[in-house]
Amino acid sequence: SGTSKIVCGRNATENSTLRTLVCEGDSLLEAGSCMGPTVLLRGEATEEATQIAGAIVAAYSDGDTADVTVHCRFPGAEREIRVARNGRSMLQPYMI
């Protein structure tokens with residue numbers, strides 16, 4: 001989404017750092033069914049932004065299943081979503 005930023009941890013140190021950088025209004029997404037990155041979603045957590053952030057978690061997670069359970073912590077709410085593990089190439093338009 002044009003009003004959201006997604007930051008993905010690349011290793012355990014970065015994942016831990018992202019957890020400390022959560023500010024009021026931020027969302028945090030992590031793989032619930034396997035090891036994977038922590039994703040910080042800053043800005044409006046629209047359904048589109050949440051699905052993109054979840055797709056990043058799924059694409060870079062270590063699981064070997066077709067889909068990944070992603071635990072989402074939003075301001076004042078938590079939920080889990082199932083995200084298909086698609087290729088990383090579909091995420092290319094969102095990378096900087």
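Which residues are buried in helix 2? I put this to a predicted model.

**Entry 1: helix 2.** I find that Ala49, Thr50, Ile52, Ala53, Gly54, Ala55, Ile56, Val57, Ala58 and Ala59 are buried. That is 10 of the 13 residues, so I describe helix 2 as largely enclosed by the rest of the structure. I then looked up what these buried residues pack against: strand 1 (4-8), strand 2, strand 3, strand 4 and strand 5 (77-84).

Entry 2: I checked the span of helix 2, residues 47-59.

**Entry 3: strand 2, burial.** I turned to strand 2, residues 27-31, where 5 of the 5 residues are buried, so this strand too is largely enclosed by the rest of the structure. Ser27, Leu29 and Ala31 point one way, while Leu28 and Glu30 point the other way. I note that Glu30 is among the buried residues. The general rule is that side chains in a regular strand alternate between the two faces of the sheet.

**Entry 4: strand 2, partners.** How many bridges pair strand 2 with strand 3? I record 4, in the antiparallel sense, with strand 3 covering residues 38-43. A hairpin of 6 residues joins strand 2 to strand 3, and leucine 28 stands opposite leucine 40 of strand 3. I also record an antiparallel pairing of strand 2 with strand 4, residues 67-74, over 4 bridges. Here leucine 29 stands opposite cysteine 72 of strand 4.

Key:
Residues are numbered from 1 along each chain as its sequence is written. This is a predicted model: local features need pLDDT of at least 70, side-chain atom pairs count only at pLDDT 80 or more; totals for chains, interfaces and linings use all residues. Side-chain values use heavy atoms; hydrogens and water are left out. Buried means under 20% relative accessible area, exposed over 50%, partly exposed in between (1.4 Å probe, protein chains only). Helices (H or I, at least four residues) and strands (E, at least two) are DSSP runs, numbered from the N terminus. Two strands pair if DSSP finds at least two bridges between them. The expected span of a helix is 1.5 Å times one less than its number of residues. Contact means heavy atoms within 4.5 Å.
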